[in-house]
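Here is a short tour for anyone meeting this structure for the first time. Take a look at the sequence and the model, and then we can walk through a few places together.

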Amino acid sequence: MISAIIEDLKMQNLIDLHLHLDGSLPVLSVKKILAKEGKTMSDQELKERLSVGEDCQNLAEYLDKFNFPLELMQSAENLHLLTCDLLKDLRSQGLVYAEIRFAPQQHTKTLTQAEAVQAVIAGLEDFYAW
Ligand SMILES: [Zn+2]
């Protein structure tokens with residue numbers, strides 16, 4: 001049933017006008033990054049770290065969910081990978097247009113804001129070459 005719905009969605013030309021890069025990390029990409037760092041997390045733990053539960057009590061609790069993704073988005077290599085993989089995921093879901101936003105100043109533990117922007121653009125260019 002779900003696969004039939006996904007197939008139907010692929011036939012549509014979907015758009016997303018407001019998508020946050022740090023709130024939309026592909027789980028498989030997160031697993032790749034964790035593996036590269038010699039870390040693993042169960043699917044359940046990843047779900048808890050990357051999404052808000054139905055019992056979310058307030059905005060502060062909601063915004064706390066961005067801490068883990070942002071930890072993973074502090075290198076050019078990871079920003080590049082996450083951007084390219086997100087775009088591939090969106091395309092496979094039938095999206096033909098997406099306005100993806102991110103805050104370069106949130107990725108400056110080792111990068112400058114310009115380097116963060118360049119890494120995301122490189123991920124976009126890799127997607128176009130895919
Ligand atoms: Zn927003």
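Is His-18 buried, partly exposed or exposed? His-18 is partly exposed, because its relative accessible area is 49%, and buried means under 20%, exposed over 50% and partly exposed in between (1.4 Å probe, protein chains only).

A word on the model before going on. This is a predicted model, in which local features need pLDDT of at least 70 and side-chain atom pairs count only at pLDDT 80 or more, while totals for chains, interfaces and linings use all residues. Residues are numbered from 1 along each chain as its sequence is written, and side-chain values use heavy atoms, with hydrogens and water left out.

**The zinc site.** His-18 (NE2) and His-20 (NE2) are the protein donors of the zinc ion, lying 1.9 Å from it. Donors here are N, O and S atoms within 2.8 Å of the metal (3.2 Å for Na, K and Ca); water is not among the atoms, so sites may look incomplete. His-20 counts as partly exposed too, at 36% relative accessibility.

**The core.** The largest nonpolar core has 20 residues, and Val-30, Leu-34, Phe-68, Leu-72 and Leu-79 touch the most other members. Such a core is a set of buried Ala, Val, Leu, Ile, Met, Phe, Trp, Tyr and Cys residues joined through side-chain atoms within 4.5 Å. Two or more residues each come from helix H2 (27-36), helix H5 (67-72), helix H6 (76-92) and helix H7 (113-129), and H6 gives the largest share, 4 residues. Helices (H or I, at least four residues) and strands (E, at least two) are DSSP runs, numbered from the N terminus.

**The pockets.** On a 1 Å grid over the protein atoms alone, a pocket is an open set of points where a 1.4 Å probe fits, with protein on both sides within 12 Å along at least five of seven lines; lining residues have an atom within 4 Å of a point. Grid points are joined across faces, edges and corners, and a volume is the space filled by probe spheres set on the points.

| Pocket | Volume |
|---|---|
| Largest | about 350 Å³ |

Of the 17 residues lining the largest pocket, Leu-87, Ala-98, Ile-100, Leu-124 and Tyr-128 are the closest to its centre. Strand E2 (95-101) supplies at least two of the lining residues, as do H6 and H7, and the largest share, 6 residues, comes from E2. In the second largest pocket, 14 residues form the lining, and those closest to the centre are Asp-22, Gly-23, Ser-24, Leu-50 and Ser-51.
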